[in-house]
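Reader: I am new to this structure and would like to learn how its features are read, one at a time. Could you show me the model and then begin with the terms?

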Amino acid sequence: MNRSVLSRRGLLKGMGSLGLAAVSPDVFATAGTVLPVHPPDPPSSPIARAVTSFALSDVDLLDGPFLKARLRSQRYLLSLEPDRMLHTYRVNAGLPPRAEVYGGWESNPTWTEIHCQGHTLGHYLSGCSLMYGATQDVRFKQRADYIVAELRDCQIAGKTGLLTAFPEGSSLMGTVLSGKKYTGVPWYTLHKVYAGLRDASLYTNNPVAMEVLIKYCDWAVTATAPLTDEQFQMMLEVEHGGMNEVLADVHEMTGDVRYLTLARRFCHQSILAPLAKSRDHLDGLHANTQIPKIIGFNRLYQQTGQKNYLAASAFFWKTVANTRSFVNGNHGENEHFFPVADFTEHVFSAKASETCCDYNMLKLTRMLFELDPSAAYADFYERALYNDILASQDPDTGMVTYFQGNRPGYMKLYCTPVDSFWCCTGTGMENHAKYNDSVYFKGTDSIYVNLFIPSVVRLQPGVSLTQTTQFPDEAITKLQWKTDRPIEMTVKLRHPHWCRTATVRINGKPFLESRQASSYIELKRVWHDGDVIELELPMELRAVPLPGNERIVAFVYGPTLLAGALGAEGIPPGSDLIVNERLYGAALNTPFTPPILTGDPAPLVGQAKPAGPPLSFDIPASGSSTNVRLVPYYKIAHERYVTYWKLAPEQDRLSAV
Ligand SMILES: [Zn+2]
């Protein structure tokens with residue numbers, strides 16, 4: 001979420017020059033006002049996706065790190081009280097609250113001006129809906145149903161369709177729409193509730209969610225109708241989440257073209273136009289403000305066939321994933337894109353890789369994959385999923401990170417359960433609920449196996465595939481058919497970019513070797529009950545240079561980022577759970593001298609010795625009799641770590657001897 005001083009200054013400057021015509025107060029009085037006529041949109045022709053995902057309920061996770069992470073997230077979701085998240089929604093609707101409001105971004109004065117009050121309810125509704133979709137655990141449906149019913153009551157009492165938890169009530173949106181000055185990101189916050197209602201509608205079989213969502217959308221249609229296109233674009237200078245995406249979704253769900261028209265109006269042209277021409281103008285922009293807009297462009301391409309939307313979203317992905325990302329698959333410093341030539345100046349920040357950014361990048365990646373099922377998308381998905389999203393959760397408390405910095409010897413800092421409620425707390429409620437959404441995809445008479453996560457996928461009635469693996473602890477996965485009839489199908493196994501030679505065995509017999517990394521191995525045949533596919537993916541230790549600087553490297557083993565585990569000396573237990581995300585880089589800022597690695601990357605890799613536990617290596621540190629232990633970064637918690645190493649020249653070691 002964009003709340004830095006720099007951005008807010010830009011925001012205020014933008015708002016100061018808005019000069020929007022005053023919007024009639026009637027906008028907030030009634031839904032159903034007659035709308036002014038806008039120029040007709042270009043003809044639309046929806047694009048069929050090349051592959052589609054399975055329903056969340058068709059893929060079960062089996063025991064492994066992802067199931068464990070989901071269970072932690074389940075416990076957290078069940079520990080929260082919906083009435084506390086609903087507090088200000090009820091107050092703003094003139095209804096008595098049923099419980100005290102939560103703290104942090106939800107109500108604490110420290111964050112009043114960012115106007116994120118109420119965002120958590122939306123993420124929570126999405127999280128519970130996804131969790132119900134993934135687990136069919138009725139406790140999550142009950143919570144989602146309860147929130148939907150409460151929001152319906154608020155809508156009825158409030159009369160306009162608008163749902164807000166801002167301290168100013170609905171008047172803040174009046175200010176936004178009138179072009180007057182305001183602070184923070186109101187549309188961003190509303191978007192979370194739109195998305196929550198969409199997800200409740202998609203995953204919990206509750207028709208009321210759709211009713212509430214439609215009323216909410218109708219409010220937006222009416223409220224924004226008086227804005228000229230120029231005024232609308234000025235409004236979009238401020239972070240507004242994925243309003244274009246969710247409106248496009250509602251268009252698809254209802255067929256009502258008004259929502260498509262509004263989705264198009266919510267497309268920020270000054271971002272869309274250069275990207276559509278393959279121009280990377282992202283330097284200095286707030287990262288997580290942009291990614292949801294790009295997701296919306298992609299949705300609009302799917303619904304309209306307009307190629308500029310596809311060009312912009314595919315180019316954005318390419319430039320961010322391939323040229324702007326750290327080894328963990330995330331990007332940016334202090335929430336902003338920096339020039340691609342400047343990695344060296346930014347890499348060692350404690351405030352890199354805002355977790356929300358990968359929440360959104362993964363959404364974008366899977367959408368692009370559905371249009372163009374290329375292994376490069378799935379490779380990136382795996383990289384960011386293990387090394388950023390899975391890594392973002394505290395294995396003990398289930399709390400989540402905001403930033404994941406690379407400051408040598410710093411620690412992961414996590415939110416607290418009920419006093420933080422950052423943007424990343426919100427996306428964190430969703431991240432760990434949907435690990436089963438991208439393991440497999442359906443093609444025409446084919447199934448894509450993208451991720452090596454223990455799971456069962458039900459392809460058709462009577463036909464399932466069970467994946468058993470300890471991956472990435474072991475470099476092999478096994479898929480077994482259970483089918484009540486012989487079935488002809490092409491199994492497309494991802495041969496990841498990090499593996500030189502992949503080996504396939506069928507029913508224990510060698511079948512083929514693939515030497516084409518970042519591709520799919522296609523197995524077309526008639527499968528019988530009990531048939532077993534084994535895919536072996538040998539891993540190796542590699543030093544991955546920082547873009548633009550070969551003397552700064554990170555170590556990976558197969559898909560897994562390894563970090564130096566440096567202990568927690570001097571760090572009081574529990575002090576890495578913080579309330580205020582603005583303290584990243586300042587909290588736990590005690591002096592610490594990390595070990596130094598010396599020499600060139602290749603000899604260092606050669607000196608690393610397996611340390612016993614899976615994916616662990618000891619590597620010699622300079623000037624120290626002890627080795628550094630490298631372990632999977634996603635397992636690091638409550639201790640200091642190093643991800644990127646600035647290698648000292650070899651002569652340093654020689655002169656020290
Ligand atoms: Zn965030």
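Author: Helices (H or I, at least four residues) and strands (E, at least two) are DSSP runs, numbered from the N terminus. This is a predicted model, in which local features need pLDDT of at least 70 and side-chain atom pairs count only at pLDDT 80 or more, while totals for chains, interfaces and linings use all residues. Residues are numbered from 1 along each chain as its sequence is written, and side-chain values use heavy atoms, with hydrogens and water left out.

Reader: In which helix does Ser129 lie, and is Ser129 buried or exposed?

Author: Ser129 belongs to helix α4, residues 119-135. Buried means under 20% relative accessible area, exposed over 50%, and partly exposed in between, with a 1.4 Å probe and protein chains only. Ser129 has a relative accessible area of 0%, so it counts as buried.

Reader: What does Ser129 touch, and which backbone oxygen does its side chain reach?

Author: Contact means heavy atoms within 4.5 Å. Not counting residues up to four places away in sequence, Ser129 touches Ala144, Gly196, Asp199, Ala200, Tyr203 and Thr204. A polar contact is a pair of N or O atoms within 3.5 Å; within protein, one must be able to donate a hydrogen and the other to accept it, and residues adjacent in sequence count only if both atoms are side-chain atoms. The side chain of Ser129 reaches the backbone oxygen of Leu125 at 2.7 Å.

Reader: How is a nonpolar core read, and which residues have the most contacts inside the largest one?

Author: In soluble globular proteins, nonpolar side chains tend to be buried together. A nonpolar core is a set of buried Ala, Val, Leu, Ile, Met, Phe, Trp, Tyr and Cys residues joined through side-chain atoms within 4.5 Å. The largest one here has 208 residues, and Leu151 and Trp187 have the most contacts inside it. Helix α8, residues 207-224, gives the most to this core, with 11 residues. Trp187 touches residues including Trp219, Ala220 and Thr224, when those up to four places away in sequence are not counted.

Reader: How closely do the axes of α7 and α8 come, and at what angle do they cross?

Author: Two packed helices are described by the angle between their axes and the distance between the axes. Axes are lines fitted to C-alpha atoms, for helices over the stretch in contact, and angles run from 0 to 180 degrees between N-to-C directions. The axes of α7, residues 186-203, and α8 come within 8 Å and cross at roughly 145°.

Reader: What should I look for in the backbone at Pro472 and Ser353?

Author: Most residues other than glycine have a negative phi, and most peptide bonds are trans. The peptide bond from Phe471 to Pro472 is cis, with omega near 5°, and Pro472 lies in the loop between β6 (463-469) and β7 (476-483). Ser353, although not a glycine, has a positive phi of about 50°, and its place is in the loop between α15 and α16 (355-371).
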